[in-house]
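Open the structure in your viewer and keep the selection tool at hand. The stops below say what to select next and what is there.

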There are 2 protein chains.
Amino acid sequence: MPTQTKENYLKAIYFLSQENIDVSITELSKKMNVSKPTANNMAKKMQEKGWLFYEKYKPVKLTIKGKRLGALIVRKHRLTEMFLSQVMSFGWEEVHDIAEEIEHINSNLFFDRMDEILGFPTLDPHGSPIPDKNGKVLKVNYLNLSTIKPGQKVRLCGLENSSKDLLLFLNKKKIKLGSVLSILHIEKFDNSFEILLENNSTILLTFDVCLSLLVEEL
Amino acid sequence: MPTQTKENYLKAIYFLSQENIDVSITELSKKMNVSKPTANNMAKKMQEKGWLFYEKYKPVKLTIKGKRLGALIVRKHRLTEMFLSQVMSFGWEEVHDIAEEIEHINSNLFFDRMDEILGFPTLDPHGSPIPDKNGKVLKVNYLNLSTIKPGQKVRLCGLENSSKDLLLFLNKKKIKLGSVLSILHIEKFDNSFEILLENNSTILLTFDVCLSLLVEEL
DNA sequence: TATATTTGTTAGATTAATCTAACTTATTAT
DNA sequence: ATAATAAGTTAGATTAATCTAACAAATATA
């Protein structure tokens, strides 16, 4: 059984691995907000547990076992977010912090019951896939809004990052998962997107915001 | 903010205080399954935090602040038990272990929402009172079944101890909170109780079991 | 290629929570 | 009242997770 701290390292490496295969000690230390020696020590200990490959002066990499464990923590996190959202009526901007704590609860029964009550969901409230009980993750293939051409109609399906600021911004603009956005125009000067919403209001999204929105074309 | 460990000490002292006012270091160490020096050290540290009174060679006692903190942890525990039971359909014998972990979650929002969803309950699934948000506890005044005379009809309202074994035993006998029990006879030899249930079956309860059942007379 | 910069590692210290062994103070019992 | 027992304390060690300072290795740059 990993400690809570080690579970957080596992999760950090799990996420960092998705972008680039290997993870440097420096990246890890930054993600975990700890010093480099701390990250280094922890990497060694996690190697002893068989969760990752570690060689002096080389980036680390999760073992099969480590990857599975990481995915299972993400599973618990996202199931919890879904439960908080669907059963306990929390807003999508409120669920992350609470799930960050509940994900460490040691009870399969508890998470299995959540899963059952929710009807075995595959996506969390931010559109991210919930790994299955074996740690397998559904591959979703959304497009980044920033790459879509003017005139196109799209549906919001996920978020590249689920920071509270972004979620509050989307709340304010009345944009949620499933919202349909029509791209009217892209401003050459700053790459901002002029967008028509379902309620016929027109809003402006900066390129940065568009980079965070995952959509499918309609 | 108390650590998880210190919260558990707080809770232990809180419960030990209900029987006898003061709590000896030895009692505490037994309750916490730690050595006496460990309990002793912890007592000193908790004194520094202002949670208890500690003097060398004397039993410890919670301060007002410590008592309030303890009660608030019990509140989180019992609200959780109620939520697990009412919302997530767990049996009363399953809720304790999970609540033991969830009680340490640091989010008033989370527990307030539970409270709201449950309709602000005052008792947990075992009939124990849920302390309010200020740590005040409703005084319940149940009788111990072992003190009731033959011929009397009673309703089960609470449990003196909620051990899993007792709860499973009661499940097997189809006895639950609210069940009406009629005392037919008390066996002189071993003080066992012959009891008539609502379904007209007659069962035998040992004196030990009776000591664990809290009732009100009908 | 030689140097500068970044990255990674060692060493040594700290804090929280725990232990055992040895000792002291209190309590109990003869 | 004194000895025996129980309770409480000190001292010193351990493990997990963290830090800073100093050094070594790898990478980037002039």
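How much space lies in the largest cavity? About 70 Å³. Before you look for it, note that this is a predicted model, in which local features need pLDDT of at least 70, side-chain atom pairs count only at pLDDT 80 or more, and totals for chains, interfaces and linings use all residues. Residues are numbered from 1 along each chain as its sequence is written, chains are lettered from A and ligands numbered from 1 in the order in which they are written, and side-chain values use heavy atoms, with hydrogens and water left out.

**Stop 1**

Select F83(A), F110(A), M114(A), F83(B) and F110(B), which are the closest to the centre of the largest cavity among its 14 lining residues. A cavity is a set of points, on a 1 Å grid over the protein atoms alone, where a 1.4 Å probe fits but cannot get out; lining residues have an atom within 4 Å of a point. Grid points are joined across faces, edges and corners, and the volume is the space filled by probe spheres set on the points. Rolling a probe the size of a water molecule over the atoms shows where empty space is left.

Now colour helix 4 (64-86) and helix 6 (108-118) of chain A, then helix 4 (64-86) and helix 6 (108-117) of chain B; each gives two or more residues to the lining. Helices here are DSSP runs (H or I, at least four residues), numbered from the N terminus. Which classes of residue make up the lining? It has twelve nonpolar, two polar and no charged residues. Ala, Val, Leu, Ile, Met, Phe, Trp, Tyr, Cys and Pro count as nonpolar, Asp, Glu, Lys and Arg as charged, and the others, Gly among them, as polar.

**Stop 2: DNA strand C**

Select DNA strand C and the 23 residues around it, of which T26(A), N40(A), K44(A), Y54(A) and K6(B) are the closest. A residue is near a strand if one of its heavy atoms lies within 4 Å of it. Sugar and phosphate account for 75% of the atoms of DNA strand C that come within 4 Å of the protein.

One is 2.4 Å from a polar side-chain atom of T26(A).

**Stop 3: DNA strand D**

Move to DNA strand D, where K6(A), T26(B), N40(B), K44(B) and Y54(B) come nearest. An N or O atom in the side chain of K6(A) is 2.5 Å from a phosphate oxygen. For K44(B), the distance from a polar side-chain atom to a phosphate oxygen is 2.6 Å, and for Y54(B) it is 2.5 Å.

Which helix gives the most to the surface near DNA strand D? Helix 3 of chain A does, with five residues. By class, this surface has nine nonpolar, nine polar and five charged residues.

**Stop 4: along chain A**

Stay on helix 3 of chain A and select P37(A). Is P37(A) buried or exposed? P37(A) counts as exposed because its relative accessibility is 55%; buried means under 20%, exposed over 50% and partly exposed in between (1.4 Å probe, protein chains only). Last, select E94(A): its C-alpha atom is 33 Å from that of P37(A), and the two residues are 57 apart along the chain.

Note on methods
A polar contact is a pair of N or O atoms within 3.5 Å; within protein, one must be able to donate a hydrogen and the other to accept it, and residues adjacent in sequence count only if both atoms are side-chain atoms. On a 1 Å grid over the protein atoms alone, a cavity is a set of points where a 1.4 Å probe fits but cannot get out, and a pocket is an open set with protein on both sides within 12 Å along at least five of seven lines; lining residues have an atom within 4 Å of a point.
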